[in-house]
Amino acid sequence: EHSDDIFGATPLQTAQLSKQVKQNIPQQSSLTSVPHTKLSQSLSSLSTSSNSSFKFTARQPSKQCEVTCKLLSSIVNDETLSSPKDVVRSIFLGMSFDLSCFKKLSDKTVLLDEALRLGDSDVICAVLLFLQKSLHQLVLFPLLKERHVAAREYIAILEKQKDFKEAAMLCADLQNSKEAAVHLYNSCFRGGDQNLQQSLEHISKNELKNLKQIEVESETVKEHIQLLERQYPIAVNRSLPHQSEKQKDKTSPCVGKPVSADNLVGSSLLSTLQYCCRYNWDAPENLLASPVGLKKTFRLTERQYIWNAFIGRLLMNEDPIKILLVKGMFGAPKISANLSITRILEIASKLNGNPNLFDQLIPLTETSDKRYHLAKRYQRHRIVIDVLISNKDRISLLQYRDSIDDQTEIDYINNTLRVSSTRWKN
């Protein structure tokens with residue numbers, strides 16, 4: 001019913017063309033037995049014939065026409081049904097195909113080369129999955145080493161299959177030592193936290209020594225082993241009375257849900273630091289659970305240490321002001337490690353920090369406008385009032401007095417307006 005779309009002509013013109021085609025081509029039992037070259041030559045001769053009594057109307061081919069032409073072009077003869085080129089084309093067009101006919105290594109190699117020549121990632125993956133099942137690793141890897149695109153696709157397949165050991169071996173054959181080390185490191189996590197330390201020690205003593213120029217990766221594995229050596233004893237010694245369900249419902253904005261003794265082993269370094277800051281804040285440096293010991297052993301920056309110590313103390317409802325403030329020039333207090341006061345106050349608000357913390361940190365902001373907005377956001381009325389007084393803004397001060405319910409602050413504003421010698425701007 002869509003013949004006019006397929007041939008680019010009206011139904012009448014299509015009927016005339018069909019009649020002339022039948023006169024020039026012998027009757028066959030099926031369409032697949034008609035050679036494509038003869039059909040195309042006949043159509044070409046008919047379309048260019050000067051005696052033709054009709055002309056085709058130029059039309060833009062529809063999407064259905066393009067799909068039909070692609071499917072028609074994919075029809076193959078029986079004698080070439082199992083050729084690598086036709087099979088690859090069938091995979092690309094989503095048609096049925098059978099790869100079991102490729103038994104010889106040479107045929108499989110040609111099949112892979114045809115898939116690479118086509119350049120479609122899905123086709124390459126389909127061929128590689130077939131080769132993975134039908135070829136031994138010792139035979140497959142030499143083929144992939146000579147075909148870089150296929151090797152990268154096969155590594156991606158192994159990553160999705162979580163076969164990191166085989167991916168590491170292929171990367172090592174490709175002289176990509178750093179990526180091989182990363183895959184070996186990922187393979188250690190498949191056995192769970194209980195066997196993690198043993199797996200890391202195994203690859204550190206064996207596989208990683210065979211790789212070159214992986215100093216950074218080797219150091220990372222060694223530091224992870226050191227962290228696990230600390231975490232196991234800390235987790236075992238958890239039967240202290242103060243390690244109860246206190247603050248269990250709070251969530252750290254930087255790391256997430258705080259770890260407990262049950263899931264401490266295998267957690268990150270910063271999560272471990274927060275745990276030690278919560279429960280072992282005063283531990284001497286020579287103990288495994290000492291926060292200062294963790295900082296020095298793993299060479300944490302001052303910024304990393306202050307952030308997590310601050311959060312750890314907040315989670316225990318302790319005052320972290322001593323951690324945050326240091327003496328600056330002329331003895332004036334300033335924020336440690338140039339941390340953002342805005343971010344500190346945001347975290348303190350989420351973790352229900354002590355109001356005294358806001359009263360001490362907000363006055364340290366650079367400008368009066370920023371100090372005013374922060375104080376208003378966190379309802380530190382006295383700081384807002386002092387800012388308005390310093391700005392000599394009497395009208396805003398009266399408006400703010402009417403907007404609050406704290407009688408102490410209202411009396412403070414009234415006394416200021418009554419006895420102050422300030423020359424108000426308005």
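Helices and strands are DSSP runs numbered from the N terminus, helices being H or I with at least four residues and strands E with at least two. Axes are lines fitted to C-alpha atoms, for helices over the stretch in contact, with angles from 0 to 180 degrees between N-to-C directions. The model is predicted: local features need pLDDT of at least 70 and side-chain atom pairs count only at pLDDT 80 or more, while totals for chains, interfaces and linings use all residues. Residues are numbered from 1 along each chain as its sequence is written, and side-chain values use heavy atoms, with hydrogens and water left out.

**Helix pair H20 and H21**
- The axes of H20 (residues 368-377) and H21 (residues 381-390) come within 8 Å and cross at roughly 150°.
- H20 is therefore roughly antiparallel to H21 (angles over 145 degrees).
- Ser-368, Arg-371, Tyr-372, Ala-375 and Lys-376 of H20 make the contact with Ile-383, Val-384, Val-387 and Leu-388 of H21 (heavy atoms within 4.5 Å).
- These contact residues divide into six nonpolar, one polar and two charged; Ala, Val, Leu, Ile, Met, Phe, Trp, Tyr, Cys and Pro count as nonpolar, Asp, Glu, Lys and Arg as charged, and the others, Gly among them, as polar.

**Ser-177**
- Ser-177 lies in helix H11 (residues 177-187).
- Its relative accessibility is 18%, so Ser-177 counts as buried (under 20% relative accessible area; exposed is over 50%, partly exposed in between, with a 1.4 Å probe and protein chains only).
- Leaving aside residues up to four places away in sequence, Ser-177 touches Leu-211, Lys-212 and Ile-214.

**Cysteines**
- Cys-171 is buried at 0% relative accessibility, whereas Cys-101 is partly exposed at 36%.
- The disulfide count is zero (a pair of cysteine sulfur atoms within 2.5 Å).

Methods. Angles under 35 degrees count as roughly parallel, over 145 as roughly antiparallel, 65 to 115 as roughly perpendicular and the rest as oblique.
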